[in-house]
Amino acid sequence: MASRTTNQTARGAVVLLSGGLDSAVTLATARAEGLECAALTMDYGQRHRGEIEAAGRIAKALGASRHVVVKMDLRPFGGSSLTGAGEVPKDRDEASIGEGIPTTYVPARNMVFLSLAVGWAEALWPGRDVEVFIGVNAVDFSGYPDCREGFIRAFESAAREGTRAGSEGRAVRVRTPLAELSKAGIIRLGASLGVDLAMTHSCYDPDERGRACGRCDACSLRRRGFEEAGVEDPTVYAALGVAGDDR
């Protein structure tokens, strides 16, 4: 962990780290800028809990100065197949994935997560600009309203109005370095930054052994991304006949 002296002089940022591909590459991007990064992972009762363990491995491997897992059980609210008993969509083609809002949408999730990230950044580095990184990207825009640029900028404006940093004239920024990238582009960027993509966990509905199902939207987009990027897919998939290891 960085010393207090370092914290007062170096630029710092809070990175929302789910344990998935996008958030891992986002952390690597922030670290490549020379930022001291504090990684924030949310344990919100998600069914794909393997991503929380993955986040711990990624934070350590990519040199986060600290990693905090905050428990906030969203299961009593319902409204999402990621936190309830509903079915996770599977075997959908790219056109279907891009239509409408999927059942895996968790109501107001990014609004809540970004609020906590901004608050932690203020507490970690008082008197300095607030920077938060989140891995939203072009692949998420159609299905998830809280991944769209309009929401991100509106939240940034609200955070500036509602924080001490903003009221004292300091910057409050929400950084989205992957915003314009396809999944293949994210994978290429991660590979170029030396990220061990095998550490990441994307599947929404892993089996009891923690293997990716290979059939949910997240797995489909991940598999296609590796194929289009020309990068070997290290993922262990439970389903037969898909890219990666099917053991």
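Analyst: A polar contact is a pair of N or O atoms within 3.5 Å; within protein, one must be able to donate a hydrogen and the other to accept it, and residues adjacent in sequence count only if both atoms are side-chain atoms. This is a predicted model: local features need pLDDT of at least 70, side-chain atom pairs count only at pLDDT 80 or more, and totals for chains, interfaces and linings use all residues. Residues are numbered from 1 along each chain as its sequence is written, and side-chain values use heavy atoms, leaving out hydrogens and water.

Start with R170. It sits in the loop between α7 (164-167) and β5 (172-175); helices are DSSP runs of H or I with at least four residues, strands are E runs of at least two, and both are numbered from the N terminus. R170 has a relative accessible area of 17%, so it is buried (under 20%; exposed is over 50%, partly exposed in between; 1.4 Å probe, protein chains only). Its side chain has two polar partners to note. One is the side chain of E168, at 2.6 Å. The other is the backbone oxygen of R128, 3.0 Å from a polar atom of the R170 side chain. Beyond its neighbours within four places in sequence, R170 is in contact (heavy atoms within 4.5 Å) with G127, R128, D129, R164 and A165. A158 is 12 residues from R170 in sequence, and their C-alpha atoms are 14 Å apart.

Next, a helix pair. Helix α5 covers residues 109-124 and helix α6 covers residues 149-161. They pack at about 40°, with axes 11 Å apart. (Axes are lines fitted to C-alpha atoms, for helices over the stretch in contact; angles run from 0 to 180 degrees between N-to-C directions.) The two helices are therefore oblique to each other. From α5, the contact uses N110, M111, L114, S115 and V118. From α6, it uses F151, I152, F155 and A159.

A second pair is α8 (residues 183-192) with α9 (residues 217-229). Here the axes come within 8 Å and cross at roughly 65°. These helices are therefore roughly perpendicular (65 to 115 degrees; under 35 is roughly parallel, over 145 roughly antiparallel, the rest oblique). On the α8 side, K183, A184, I187 and R188 take part. They meet L221, R222, G225, F226, E228 and A229 of α9.

R222 has a further partner. The side chain of T235 makes a polar contact with the side chain of R222, at 2.7 Å. T235 lies in the segment after α9. Its side chain also pairs with that of D233, in a polar contact of 2.6 Å. T235 has 11% relative accessibility and so counts as buried.

Q46 is buried, because its relative accessible area is 1%. A polar atom of its side chain lies 3.1 Å from the backbone oxygen of M42. Not counting residues up to four places away in sequence, Q46 touches E51, I52 and L82.
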